[in-house]
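I opened this entry to get my bearings. Here is what I looked up, in order.

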Amino acid sequence: MTVVLTLAALTLREAVRRRVLRALAVLTVALLALSAWGFSVLVRVEFDGSALTSGEAALVASQILNLVMFGLSLIAALGTAFLAGPTLAGEIESGIALAVLARPIRRSAVLLGKWLGLVVFGSGFVVTAGLAQFVIVRATAGYWPPQPAAALALLAAQTAVLLTLGLLLSTVISPMASGIVSVGLFGATWIAGVVGGVGQALHNEGVARVGTVSRMLLPTDGLWRGAMHALQDPIALAQLGGPALEGGFPFLSKAPLTPAYLAWTGLWVVLALGLAALAFHRRDL
Amino acid sequence: MGPVIAGARQDRPLLGEAEAPAPEPAPAAAVWCSGLRKRYRRRTAVDGVSLTVGRGEVVGLLGPNGAGKTTVIKILLGLVRPDAGEVMLLGRPARDPYARARVGYLPELFRYQPWLTAADVLALHARLAGVAVPDRERREFLAAVGLADRAGDRVGGFSKGMQQRLGLAVALVARPELVVLDEPTSAMDPIGRADVRDLLLSLKARRVAVLLNSHLIGEVERVCDRVFILDKGRVAASGTLAELLGRRELRLRLDEVSAEAEARLAEAGRLTRSGDAFTVALPAGEDTTTVPDLVADLVGLGVRVHAVEPGRISLEERLLDILRGDSDGESR
């Protein structure tokens, strides 16, 4: 356990030192500033000669909040995926891993420590940036999401799923390739989710199944939809958002996550980590 | 030189150990391994290597590039999985990570977290080894490798030689009973090399076992008790330095050598002649009578003796001799 915690702390320290973090910080601040400006314009703007009603404003704020949070989750995904690759594969390539793994420690403990460090880093980012965004929306548009804690937890889980994938890939392929592949899969799953939503709107089961299957294979999109559901105003959505929901609009979510899906996500992470541990254990350095 | 090599090729009592039955594990050998094999795709890197390093013994690993030395070391430390064979470190099977609790390692490819300071790297390795090493002691290790005034500097700014010095401190920090050094002076200047030699001698004095892989034969010759010579993934020869280098030779320049005198020379050891230069390979073992008796007899037989020059075969000559002998054997 000491080994896991030592390596988690080391990984966290490494992540904080990397240039990726500075890029993440710049992107996040830019996104937050843009959203502050956008929301402040939104509440003053008039449509067809009248300002938005409170219900309409809440619906629009929900959608835009979801959009901005998607941007944040994308930044988190990119950041952690590109951190997860170098931390394992990069150390194997450079030779740092040789001296560390010759110590009386299990490789699985090293992997778990790195995973834990990255999860803490990714969650820390999501929670900090997410809370900042909530405060901005509150101050500019007067909107506060109904389940902020659940939303942030699901976004953190999404980040954890993606970095687990990044770690798994980095045990078998090069650091940069593992980052690119995991971000690519993240994007592909999101698009498959949107396609599935369109399929639902058209009542085409075959197309709808695309989203369902991709959400099982890589749970990032499912978790993201759960987070969106926790962010949007249920009353405004029920009153006004029907057509948008039925039409498969990608920045609104129809239903919360089921406990079964959350359990599957947990199992997915355990399986992916187990597979990564197996691949790492068998790897010659 | 030619005759020496030709003579040496004939008696290689230490060759072919790879095929010999593996020795039983000594109760507490620092390293014991038997029948190690490793293939990378179609290339065989290690082919039936068995070796032991006793407690407190300094053992050298020699051989040409690609002989499998680094792969053997990585197998011993659990960094590479052998296809076959067994490894015990300090009396524990190497499958168990705790077998490495008292093992220090300086890899051939030495790199340490560039964002940490030298002191941080030592603290990290002490923690990973599960050994509580007080700050003062860690500073002593840094001082021992000449990095006392760089303890607080980031490793990223270190030169290669300094990183290798840090690597030595890392190998020593957890109070090891076995230290494995893979080319420990490859990036060092002559002063660094001398420091490493002193360090090896101090380890030897403290009865810490050392497995040393080095291209610098002089280094090995000066500090090692025993040597394993690897070639093409096999142990080509092994033994104590006395066993490997025990044979002496006597070079003479003689005139008016009768058949009788030549017979007397051949009696002393295997004889080679080119013109008036005679070389006699003397049997191993120090003795004070062989050479004076031979010279007295030669003079008695009417031989005019111009020069008598005793010589010892260096480890370098012996190594080349063994390796060339192998390739000759193959081409035949």
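**Strands in chain B**

I began with strand β1 (residues 31-40) of chain B, which runs antiparallel to strand β4 (residues 84-89) of chain B and is joined to β4(B) by five bridges. I counted strands as paired if DSSP finds at least two bridges between them. Helices (H or I, at least four residues) and strands (E, at least two) are DSSP runs, numbered from the N terminus.

This is a predicted model, where local features need pLDDT of at least 70, side-chain atom pairs count only at pLDDT 80 or more, and totals for chains, interfaces and linings use all residues. Residues are numbered from 1 along each chain as its sequence is written, and chains are lettered from A and ligands numbered from 1 in the order in which they are written.

I then checked single partners. B:Val31 has B:Leu89 of β4(B) as its bridge partner. B:Leu89 is also bridged to B:Arg92 in β5(B).

Strand β5 (residues 92-93) of chain B pairs with β4(B) through two bridges, in the antiparallel sense. The two strands make a hairpin with two residues between them. In its turn, B:Leu90 has a positive phi of about 50 degrees.

**Chain B as a whole**

I found 11 helices and 14 strands in chain B. Of its 332 residues, 41% are buried (20 or more other C-beta atoms within 10 Å of the residue's own, C-beta atoms being placed from the backbone).

**Where chain A meets chain B**

I looked up the contacts last. 20 residues of chain A are in contact with 24 residues of chain B (C-beta atoms, placed from the backbone, within 7 Å). On the chain A side, α1 (2-17) and α4 (96-101) of chain A each give two or more residues.

Key:
A residue is buried if 20 or more other C-beta atoms lie within 10 Å of its own, exposed if 12 or fewer, and partly exposed in between; C-beta atoms are placed from the backbone. Two residues are in contact if their C-beta atoms, placed from the backbone, lie within 7 Å.
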